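Hello,

Here is the structure we spoke about. My notes on it follow below.

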Amino acid sequence: MITEPASAKLVSKTVSRLSGKQVLITGTSGFLGKIVLEKLLRAVPDIGGVHLLIRGNARHPTAPERFMAEIAGSSVFERLRSELGADFDDLIETKVHCITGEITQERFGLSAEEFKSLAGEIDVVINSAASVNFREELDKALAINCECLRNLVAFTKAGRHIPVIQVSTCYVNGKNRGAAMERIVTPAGAHVPRNEAGYFEVEALIRLLQDKIEDVRSRYKGEALARKLVDLGIREANHYGWDDTYTFTKWLGEQGLMKGLRGQSLTIVRPSIIESAIEEPMPGWIEGVKVADAIILAYAREKVSLFPGRRKSITDVIPADLVGNAILLSVAEALGDERAHRIYQACTGSRNPVTLGEFIDHIEEGASGTPERLIARLHEALHHRQAHRAGQDDPFGEM
């Protein structure tokens with residue numbers, strides 16, 4: 001009898017299902033987008049292709065230029081570069097396809113022929129493009145977090161009813177109290193009509209918000225206009241049951257996608273506060289200053305001396321690579337069932353929580369070091385608590 005070696009006994013269903021597939025990703029210039037892209041290229045060697053919709057900018061007007069300058073050279077790829085050596089450049093050249101486009105524009109800014117041709121190639125879309133500024137000007141937040149999703153719906157219908165993985169946030173639950181379940185969120189504030197399918201009809205609300213934006217634009221200019229649009233966003237968010245413009249517009253986007261993709265595959269992944277990686281591509285990998293880091297840095301630089309709050313309150317922080325895994329698991333599931341709507345929350349608060357008191361204690365323990373070392377020590381402590389994972393031999397932690 002011939003037996004398989006121990007290393008071959010576990011075969012990832014996710015890797016098998018993604019092999020040969022063509023994946024479109026938006027938002028790869030962001031922190032989470034880079035994590036997803038790196039994991040996809042490293043863990044799925046037989047991926048058919050990864051297509052990146054990237055907006056050009058003043059310094060890098062085309063997607064390939066911006067990709068090479070801002071993404072390919074990121075430290076997120078250090079592990080893959082080390083493993084592949086000279087073959088890394090070949091992998092990028094053969095598997096990564098950069099498309100100069102803008103998700104907020106009709107047909108992503110592509111010609112009708114280009115748009116239809118791209119849709120015909122793609123098997124699944126991961127949309128991680130977003131404005132994550134809590135105090136964004138309302139018009140900008142609506143454009144990127146809500147209104148542009150109509151263009152995404154049109155793209156899926158131009159192809160073969162392409163499954164969509166939408167990256168949202170746990171905090172679309174807003175000011176609701178109690179357990180936040182994986183379901184459609186009812187606003188905690190002003191009434192919004194709900195239809196028989198369960199999601200909320202938000203078109204009239206969005207038109208009302210746009211009218212208010214136009215009214216502000218007619219009365220203010222320059223910096224005053226920007227401030228008034230920020231204030232308008234916060235005021236409207238509070239009125240309907242959210243603390244900030246970001247989470248309010250992400251909720252609006254969820255409702256629009258559920259209606260636009262009715263009868264098609266849609267998976268909404270809601271992470272909590274995303275912080276540095278627990279393991280992949282390397283322990284502690286992070287880029288930029290994230291949500292919790294701003295507080296830590298402020299404390300280390302003596303700009304903040306007091307943390308008001310209940311010590312037993314849970315601070316829900318999740319490593320970026322676990323969110324990336326959840327997204328790619330959702331991709332594999334969506335490819336197997338192309339009609340369902342699903343909602344998954346990627347968080348730690350119920351099964352493996354960190355309290356505000358523990359969070360503060362870790363900060364104080366490391367406060368004698370540099371700000372960078374302080375952040376590293378906090379991440380180490382959080383990761384130690386979050387290190388029990390199932391299926392360590394499997395690149396996606398499947399059972």
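**Cysteines, cores and strands**

Cys170 is buried, with a relative accessible area of 11%; buried means under 20% relative accessible area, exposed over 50%, and partly exposed in between (1.4 Å probe, protein chains only). This is a predicted model, in which local features need pLDDT of at least 70, side-chain atom pairs count only at pLDDT 80 or more, and totals for chains, interfaces and linings use all residues. Residues are numbered from 1 along each chain as its sequence is written, and side-chain values use heavy atoms, with hydrogens and water left out.

How far is the sulfur of Cys170 from the closest cysteine sulfur? The distance is 4.2 Å, to Cys347, and that is too far for a bond. A disulfide here is a pair of cysteine sulfur atoms within 2.5 Å, and by this rule the count is 0. Cys98, at 23% relative accessibility, counts as partly exposed.

Taking contact as heavy atoms within 4.5 Å, 79% of the contacts between residues at least 6 apart in sequence join residues at least 24 apart.

The largest nonpolar core has 51 residues. A nonpolar core is a set of buried Ala, Val, Leu, Ile, Met, Phe, Trp, Tyr and Cys residues joined through side-chain atoms within 4.5 Å. Residues with the most contacts inside this core are Leu24, Phe108, Phe155, Phe248, Trp251 and Leu252. Among the elements that each supply at least two of its residues are helix H9 (203-219), helix H10 (222-240), helix H11 (245-260) and strand E6 (266-271). Leaving aside neighbours within four places in sequence, Trp251 is in contact with Val172, Val185, Pro187, Val192, Phe200, Val202 and Trp242. A second, separate core of 45 residues includes Val50, Ala72, Ile92 and Val124.

Is strand E5 (residues 164-167) covered or open on its faces? Both faces are covered: Val164 and Gln166 on one side, and Ile165 and Val167 on the other, are all buried. Strand E4 (residues 124-127) runs parallel to E5 and is joined to E5 by 3 bridges; two strands pair if DSSP finds at least two bridges between them. Val125 has Val164 as its bridge partner in E5. E5 also pairs with E6 in the parallel sense, over 4 bridges, and there Ile165 stands opposite Thr267.

Regards
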